[in-house]
Amino acid sequence: MNGDIEPVPVAPPWKRDFPYEAQSEEEVTRREFARYLVLGAGTMAAANVGIAIWTQLRSINTGEPRAIVDLAAVDIGSTYLFHYPGNDDPAILVRLTDTEVVAFSQKCTHLGCVVYYEESEQRWHCPCHEGNFEARTGNVISGPPTRPLGRIDLEVRADGTIWALGRHT
Amino acid sequence: MRTSAKARRTSSAVVLYVIVLVAFQVFLITVAVEAFQTDTESLAWATAAVSVALFAAAAAFLRYLRP
């Protein structure tokens, strides 16, 4: 007898007793499984690159000058919500004094929650993680955010209309 | 075709590595979405770079998988 002879595969006893074939017995090999995983990894990598491109393109759009609201329609210490530069970009302005109006992106720079104005504290407050920003500059006062709010340049024109001129990120 | 125990162990290790890399890709997706929400371009690009590198590593691991 030669020791190099390959052993003939023997069917297990249960297979001899129940010799039924099922479609589910078609196995996915380890290599196929790994290929599916790598394919999934490639899809997610492509998605990550797409998200990065989208993020970059969105920040490039600083907005076109456009009228927002009449100054007279906003009381001192009160706010006005609008969208700028795009229709999906929430923004908020506050009239601090008779002539001073400032506006910021309403998205907190920590995790994108909506900030609102606290007149008693003269600050922008994010209720999600207790982030606070200065009312006039949008700089961080406290909390987890590390970057100031996105500022929107405003101009009050001769007819009393507040115009948004552009956004700083 | 018979394969050695070492080759089988290598294949199992490769599949495990790839599974870990894919799990890390899922985590990177959440980081990218977070960067998108907060308009943090630098984080978004860094995430994309790491993600592509992980994909390349996972593809390279396939070479060590026995047929």
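Select chain A: of its 169 residues, 24% count as buried. A residue is buried if 20 or more other C-beta atoms lie within 10 Å of its own, exposed if 12 or fewer, and partly exposed in between, with C-beta atoms placed from the backbone. This is a predicted model, in which local features need pLDDT of at least 70 and side-chain atom pairs count only at pLDDT 80 or more, while totals for chains, interfaces and linings use all residues. Residues are numbered from 1 along each chain as its sequence is written, and chains are lettered from A and ligands numbered from 1 in the order in which they are written.

**Stop 1: the layout of chain A**

Switch to a cartoon view. Chain A has 2 helices and 10 strands. From the N terminus, the order is α-α-β-β-β-β-β-β-β-β-β-β. Helices (H or I, at least four residues) and strands (E, at least two) are DSSP runs, numbered from the N terminus.

Two residues are in contact if their C-beta atoms, placed from the backbone, lie within 7 Å. Take the contacts in chain A with a separation of 6 or more: 37% of them join residues 24 or more positions apart.

**Stop 2: the largest core**

Select Ile92(A), Leu93(A), Ala103(A) and Phe104(A). These residues have the most contacts inside the largest nonpolar core, which has 20 residues. Strands β3 (90–95), β4 (101–105), β6 (123–126) and β10 (161–168) of chain A each give two or more residues to this core. A nonpolar core is a set of buried Ala, Val, Leu, Ile, Met, Phe, Trp, Tyr and Cys residues joined through C-beta atoms within 7 Å. In soluble globular proteins, nonpolar side chains tend to be buried together.

Now centre on Phe104(A). Leaving out residues up to four places away in sequence, Phe104(A) touches Ala91(A), Ile92(A), Trp124(A), Gly138(A), Leu149(A), Gly150(A), Arg151(A) and Ile152(A).

Apart from this core lies another, of 13 residues; Leu37(A), Met44(A), Ala45(A) and Phe55(B) are among them.

**Stop 3: Ala164(A)**

Move to strand β10 of chain A and pick Ala164(A). Is Ala164(A) buried or exposed? Ala164(A) counts as buried, because it has 23 C-beta neighbours inside 10 Å.

**Stop 4**

Go to the loop between β2 (79–83) and β3 of chain A, where Pro85(A) sits. A cis peptide bond joins Tyr84(A) and Pro85(A), with omega about 0 degrees.

Next, find Gln122(A) in the loop between β5 (116–118) and β6 of chain A. Its phi is near 55 degrees, a positive value in a residue other than glycine. Gln122(A) counts as partly exposed, because it has 14 C-beta neighbours inside 10 Å.

Then select Glu130(A), in the loop between β6 and β7 (131–134) of chain A. Phi of Glu130(A) is near 60 degrees, again a positive value in a residue other than glycine. Glu130(A) is exposed, with 12 other C-beta atoms within 10 Å.

**Stop 5: where the chains meet**

Show both chains. Here 27 residues of chain A are in contact with 33 residues of chain B. The chain A side divides into 13 nonpolar, 10 polar and 4 charged residues. Ala, Val, Leu, Ile, Met, Phe, Trp, Tyr, Cys and Pro count as nonpolar, Asp, Glu, Lys and Arg as charged, and the others, Gly among them, as polar.

Select helix α2 (residues 30–60) of chain A and helix α1 (residues 5–37) of chain B. They pack at an angle of about 20 degrees, with their axes 9 Å apart. That makes α2(A) roughly parallel to α1(B). Axes are lines fitted to C-alpha atoms, for helices over the stretch in contact, and angles run from 0 to 180 degrees between N-to-C directions. Angles under 35 degrees count as roughly parallel, over 145 as roughly antiparallel, 65 to 115 as roughly perpendicular and the rest as oblique.

The axes of α2(A) and α2(B) come within 8 Å and cross at roughly 160 degrees. The two helices are therefore roughly antiparallel to each other. Their contact has 15 nonpolar, 7 polar and 1 charged residues.

**Stop 6: inside chain B**

Finish with α1(B) and α2(B). Their axes come within 9 Å and cross at roughly 165 degrees, so this pair is roughly antiparallel. The residues of this contact divide into 18 nonpolar, 3 polar and no charged.
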